[in-house]
Every structure is written in structure tokens, then in C-alpha cells.
Amino acid sequence: MSYRLLSSNIINTEWSAILKLQNFPNSNHIPNFFLLNRVWCCSNNYNNLEMEDLDPTKLIVINDQRSLDRKISAIRNDGPSKLQVIADFDATLTRYWVNGLRGQSSHGLLKQGNPEYDAKRQALFEYYHPLEFSPAIPLEEKTKLMEEWWGKTHGLLIEGGLTYDAIKSSVANSNIAFRDGVVELFELLEEKDVPVLIFSAGLADIIEEVLRQKVHRYFKNIKIVSNQMVFDDSGRLVSFKGKLIHSLNKNEHALDMATPLHDQTGGIDSAVADNASVKQRTNVLLLGDHTGDLGMSDGLNYENRISVGFLNDNIEKNLESYRKAFDIVYLNDRPMWGVVDLAAELCSKFDG
């Protein structure tokens, strides 16, 4: 696909992919989210992607401006009491690149303190990971393979004697970091009493430890939907609790497994304990880094959903599919500031 630079007066074309620089000037009357510095529109030539002299690290893509406008208006009109945020964790809330290296995932950073079992888990990864993304394997068969992979991995963690101290050490020595703006997004949503569901096929205890070590606080409005560990009194892993969550069943059908963050003393804020109230919030802001993450809202009967995709790498190969799948696409491991700006717009009621 090729893109050509166009003037801003053709934004409302029949179908358009709008790429804009993420430099939001201050304005008292125009939402920051819609202030365009440059506009790019899809042409009919799909052979290549020509960015000319435009810096692709500063671009976002909007597929259907009119549809997005309608969704934003509807969500703003309903107010924050009807809104919830659903977010993937790895490479969505966290950065794809950290200190010039590929950032680690919440599962990949784990070191059991037992090299033999670390090697066994790595061997499983090398076998199953290509199968996860193989287009030749039917979904039903692939789902069984993912259940098999996750089950074997969890078994190795128990057999290898994983301890919570090993989790703490793994996080402390990991190459993982949140995108700039994530903490501010959490703070804004907490202030507006908007619940945040973090979905992950990884391990809830590791995600919580990453939040504890990297953010140094907890948020009363955040819940984690992920695989939950059970430790004995000595801090040794003995089992897993609840339904197994893998990469192909990560959706709101697993909401019953959602657990709120623990505060500094290990307590749980009672205000976020009712999952049923979350299901009554029928407007969704969904954040993900893979088109499959759109399934995170499958179990929710939502009225309006704005989907934001982070296309971190292989842009030329994947831009077209991401453009069609998501309402908004951020390119090249962008910070979270644009989403903060959008969330502020969604939580601001119309005057009058």
C-alpha cells in the first residue's frame, strides 16, 4: 500500500487511513485528540508503503474517522459511569523495546532459580510458539495445543519448585518497563472511577509484582485477569487456581477469575470486588498489540467499543490488517500519551 500527503480538508473521505503526528497542541475548543498536523490517505496502490520524509515513529492511523467520531460522542454522552478499559499487558501496557533491546514479557522474564527447569520451559516455547502463529493449523486444534503448552509449563513451574522470592528476583532483574503515560492513564481512570481489566495469558502474580516494583503503588480500580498461583506458607508454588487462561481464550468469559490488586498490606479494596457491576458498563476502551486481543471483549455485551492497537514492529507487513481491525493504531512502540488524551475526552461530559 502507498500513502500520499493530503490536505486536512479531505479527512472525511469515503474510506480513509489517517496518519497523524502525535503532537497535541493546547486548545480550549477542539479536542486535542483530533488536532492533525499532517494527514495521510490510502491510495489504491497496495504494492508498497511509501512514507517519504515523514517520521513513522510519530504516526498513528485512523481507519474510519466518522465512525470514531460517533463512538466518542456516544461514550462521552453516557459518561464515565458506563465506561470500562480492557487492556492487554505485554507489549501494550509495557514497552516493546527497552534500552535498545526487545522488552521481556511477564512470562518470559521468569527465572525459577533452577537452570534445568528454565531450559525445559524454553524448549516448550521453541516448540509451541511457531504453532501458535501458524496459519495452517485450524483454530480448534490450535486451542488444544495452547492448552497443552500452558499446562506443561505450569507443571514445570510446580515441579521445579518456583518460589515467590524467585518471582521478586526475576522482576527486579528483568528488562521490562511500562510505556510512558501508563501511570498517568491509571491515575486518570482511578480518579474517574473507571475500572481497568488487565488481561494476560501470563501469570497474575508476576504482573502484580511488576506493578509493585515499577509503579510503587496500587490502584483500587485495576483488576487482573490471568493465571493465578497458589503458594504454601513457605512461599513455594503448589498449584494454580481457576480456569487456565492461554493466548486463545483471553476474553471476558474469564472475568470470574479477575482479582483486584493487593495494597501494601496485602488487603483487597472492597470497592472493586463486584464483577457483575463491571458487566453493566457497556462502553469499552480496548487496548492491545495483536488483532487477537480484540477478543478480550467477546464476553461483554457492549454498546460502543473504541479499539486501540499498538503495532510495534513489522509495520509494512501488518499495517493493513491492523488498520482494518482497530479504530486507532499507534506505530513503532509509541508512548501512551495519546490514549491518556483520548481517555480524558471520553470521561468529559458534553456541556449542556
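## Basis of the description

The model is predicted, with local features requiring pLDDT of at least 70 and side-chain atom pairs counted only at pLDDT 80 or more, while totals for chains, interfaces and linings use all residues. Residues are numbered from 1 along each chain as its sequence is written, and side-chain values use heavy atoms, with hydrogens and water left out.

## Packing of α1 with α9

Helix α1 (residues 65-78) packs with helix α9 (residues 337-346) at an angle of about 55 degrees, and their axes lie 8 Å apart. Helices (H or I, at least four residues) and strands (E, at least two) are DSSP runs, numbered from the N terminus. Axes are lines fitted to C-alpha atoms, for helices over the stretch in contact, and angles run from 0 to 180 degrees between N-to-C directions. The angle therefore makes α1 oblique to α9; angles under 35 degrees count as roughly parallel, over 145 as roughly antiparallel, 65 to 115 as roughly perpendicular and the rest as oblique.

Helix α1 contributes I72, I75 and R76 to the contact, and α9 contributes L342, E345 and L346 (contact means heavy atoms within 4.5 Å). By class, the residues of this contact are four nonpolar, no polar and two charged. Ala, Val, Leu, Ile, Met, Phe, Trp, Tyr, Cys and Pro count as nonpolar, Asp, Glu, Lys and Arg as charged, and the others, Gly among them, as polar.

The structure holds eleven salt bridges, each defined as a side-chain nitrogen of Lys or Arg within 4 Å of a carboxyl oxygen of Asp or Glu. One of them joins the side chains of K71 and D327 (2.9 Å, N to O). This pair links distant parts of the chain, 256 residues apart: K71 is in helix α1, and D327 is in the loop between α8 (315-325) and β14 (328-331). Both K71 and D327 are buried (under 20% relative accessible area; exposed is over 50%, and partly exposed lies in between, with a 1.4 Å probe and protein chains only).

## Salt bridges within helices, and a network

In helix α2 (residues 115-132), K120 and E116 are four residues apart, about one turn of the helix, and their side chains meet in a salt bridge (3.3 Å, N to O). K120 is partly exposed at 33% relative accessible area, as is E116 at 47%.

Helix α3 (residues 139-159) holds K152 and E148, four residues apart and so separated by about one helical turn. Their side chains form a salt bridge (3.9 Å, N to O). K152 is partly exposed, at 41%, and E148 is partly exposed, at 35%. Elsewhere, salt bridges link E208, E209 and R212 in a network.
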